[in-house]
Each structure stands twice: as C-alpha cells, then as structure tokens.
Amino acid sequence: MRMRIKKGFSCLLLLALLLSLLPGTAWAGDGIEELDLDMIEIVEQDPEEDITPAAPGEGTDDGETVGIWNEPEDDPAGEEQPDLEEDPQEAGTSGEEDPAVTEPEADQSDELPFVDTDMPESKAASDLQLFVGAALEQNFRLSLYVALPEGADPAQYTVKTVFNAQLSERIIERELSAADLQDGLYVVADIAEARAYQLTAPVDITVSSGAAVLRHTVYSVRDYLKALGAADEKYAAFCLAALCYGGAVQRWLAGSSFTLNGEALEYEVYIDDPADADLTAPQPVKPTRQPAYAGEVPGLKSMAARFEVGTETALRFYFECPQAPTALEAANEGHAVSGPFAQNGGIWYADLTGIKATELANDFVLSAAVQGQPVQIMYSPYCYAAQNWDSGNAALSALCRMLVAWGNEAAALAAAEQEGQI
C-alpha cells in the first residue's frame, strides 16, 4: 500500500512575473511530482497522553510583506485602491455570499499510515481487529480496515459507520465480502471526509455478527492524528500542526455562516471540542510572501486576492473593472476556476478551488482577459497569512500562524519522503 502526495508549483519569482506578458501565455512551473510513502501499522496512544512533537518546520520565504492589494509604480487609473476586506469575522470564509456549495469530487488519495483503533473487544471477537487509515487531499478522508479471525466468513460480519458532519453526511451499512479484501484486511472505504473545521466530528463505528455487536466506538480525525503522532516521531510535528490548524479554523469560523441554495447556514464547528485542546501550538516563522500582478489594461482599476477557508480551501481573485473578465484559467495544474461572479461597485471575483495541504505554501497564478487584454495575478495562502499575521483579531492571527505551520509540515513530510528519510 502506498501514499501519494501531489506536490504543485515551486515558488514563482516576482521578477519573472513582472518582466514580460505575451497574449495567451502563462508562467510554466515544475509540474506535478508524485511521492510514494509506505503504509505502516501502528498502535493507538492512550487517550490521555499528549503529543511530543519534533521541532516544527519554519518558513524560508524572501521578500517584503505588502498588503493584499499590489499596486504598480504607475497606476493607470490613478485612483486610490478600494479596500475589499470584509469584517474580520466574515473575511476569508469560503461560502459567504457564494454560489451554491457543492461537494468536491474525489481525487487521487494521498494515503497516510493507518492506526489500530485499540477498541475494547469482546471475548467472542478476540481476533477481530479494526484499523483506521487516512488520505490527505483537500480534506481528511477516513477508511476502515477490518482484520477477521482466521477462516471467518466475511459475509457473517456487518459494518455500520455514521458520519453526520455538516455537508459531509454519510452512512454506510453493509456486510463484508471477499471483494473487500486487500492485503489481508477488509476495507470499507471513505467512511468519513472531514474539512479543517471538522477534525473532532464523530464517526460512529459498529461491527456486528448477526444480532451480536462485536465492536462499537466513536472515532474522529483527531483520534487518528493523535495516535499517529504518538506512535511515530516522524509524523509528530505534522500531526500537531494539523490539529492546531483545525482548532484555529474552528475558532475562526465560530458564529460565521455560509450560503447554500440561498439559505444562510452557520458553520457547525464543534467549538466546545477543539482539535487542539491541551496542545502547545507550534511557532512558525512569519512568511514574507507578497502578491503581484502583470498586465496593464485601461479601465482595470485594481486586482486583488485573498485566502478562503470553510466549506473548501480556495483563493478568491478580484477584478475592479466595467465588464466581467473572461478566459479565467489557473496556471497551476489540477485546479479549477469558477466565476466570474459580480459584487457591488463594478467588482468581479473568481475562485480557484481544491488547494491541498501540501500546496498551501505554493504560489498560484490566475490568468484572465479584461476587455480582451491579458492580465494575471500571483497569490499564495501565505500572502494572506503574512498580511494578517499580527492582526488585532486574535482568532485571525492564530489562523494565519497555524496555516503556515500546517503548510510547512505538510510540505516537509513530502520533502522527507522525496529524500528517502521516510
């Protein structure tokens, strides 16, 4: 069994961005690298134990931090740039005043090591073992692995899993079969998919044989990450950063809402059960990434971008111009762009979606045509983090710091595998 982490663009140099702009062209990147990690079996830690992480990764970006708006030396419009930032409690929450939210399509799984759930077992099922595996894409996807007693008939075992997290509800109830057998374990795939604010959302797991309940437990992504981090120091910093980022997103989204099919819904963030409870947060170095754009079009007053977290991880790109931009396209392979959508005051926006944890430190480029002329914006989630690093809003500042810690550790894990350290 393997783990695959898709690694996107390396950082684009600001100089290359501003030098030349040819119609119909975009900057080339290093492409997509696939990294293979071996799956390992581990044992879950005691629930009361804490994670002792390795030293967290640190950012090494160069440059100067600037505001979300990147102004050229000679602004063709000659007007003051407007401030599009919403109130801190609303800014950067994907889904607010958005088109209808839809579930993301399944992508190539980036599998992490799986863990023994260490559930209490009945005497009649002493040889029955359960494991949980995770795949890291935009969200965490959990799968259940069942080891049956030797010679057991899989059809005599029924598995039921219930996950009621917001926008991700799923119930699986079925008998096992020979078709589920992979490398000695019976696999019930994708029992849950948790967004960043759902790491403590419960997954109810039951294994039965006839009328007898052999195992019952309530599990979560947090349980998985704590078990993985405690069992193997190589993953400790990675798991700690994921949990602290999840807790920061929970606090940031608490009380905020998004729009689904015209209805405002409040984020269900499990605020009384934060993912980072009793953990000491990592202290990443502030990134010094800055946004940039290329292209000068009469009538285009400003371009901007910002980071979005909530129903999905995305970047939102803004254009202030009389007519809607066209030919919207992401230069980064594997990312879709939706829009343009209109806001008041001649402002349009488009969303670049599906950003994975391993891509948070990357630069993203959106190409568009305004009045038939090509323009491009380069932006990174780390630009947003740098802009709001020392925000007076404690929840926003924490969100940005843990975003960088999580992005650093995800990238470091991929790099360690590439160098043969894992």
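## A sheet and a helix pair

Strand E8 (residues 158-163) pairs with E9 in the antiparallel sense over six bridges. Two strands pair if DSSP finds at least two bridges between them; helices (H or I, at least four residues) and strands (E, at least two) are DSSP runs, numbered from the N terminus. Lys160 has Glu173 in E9 as its bridge partner.

This is a predicted model, in which local features need pLDDT of at least 70 and side-chain atom pairs count only at pLDDT 80 or more, while totals for chains, interfaces and linings use all residues. Residues are numbered from 1 along each chain as its sequence is written, and side-chain values use heavy atoms, leaving out hydrogens and water.

The open sheet has four strands in the order E9-E8-E12-E13, with antiparallel pairing. Its edge strands, E9 (170-175) and E13 (212-219), each pair on one side only.

Now to the helices. Helix H2 packs against helix H3 at an angle of about 155°, and their axes are 8 Å apart. Axes are lines fitted to C-alpha atoms, for helices over the stretch in contact, and angles run from 0 to 180 degrees between N-to-C directions. H2 is therefore roughly antiparallel to H3, a label for angles over 145 degrees.

Here are the residues that meet, contact being heavy atoms within 4.5 Å:

| Helix | Span | Residues in contact |
|---|---|---|
| H2 | residues 221-231 | Arg222, Leu225, Lys226, Leu228, Gly229 |
| H3 | residues 236-253 | Ala236, Cys239, Ala242, Leu243 |

How values were computed
Parallel < 35°, antiparallel > 145°, perpendicular 65-115°, else oblique.
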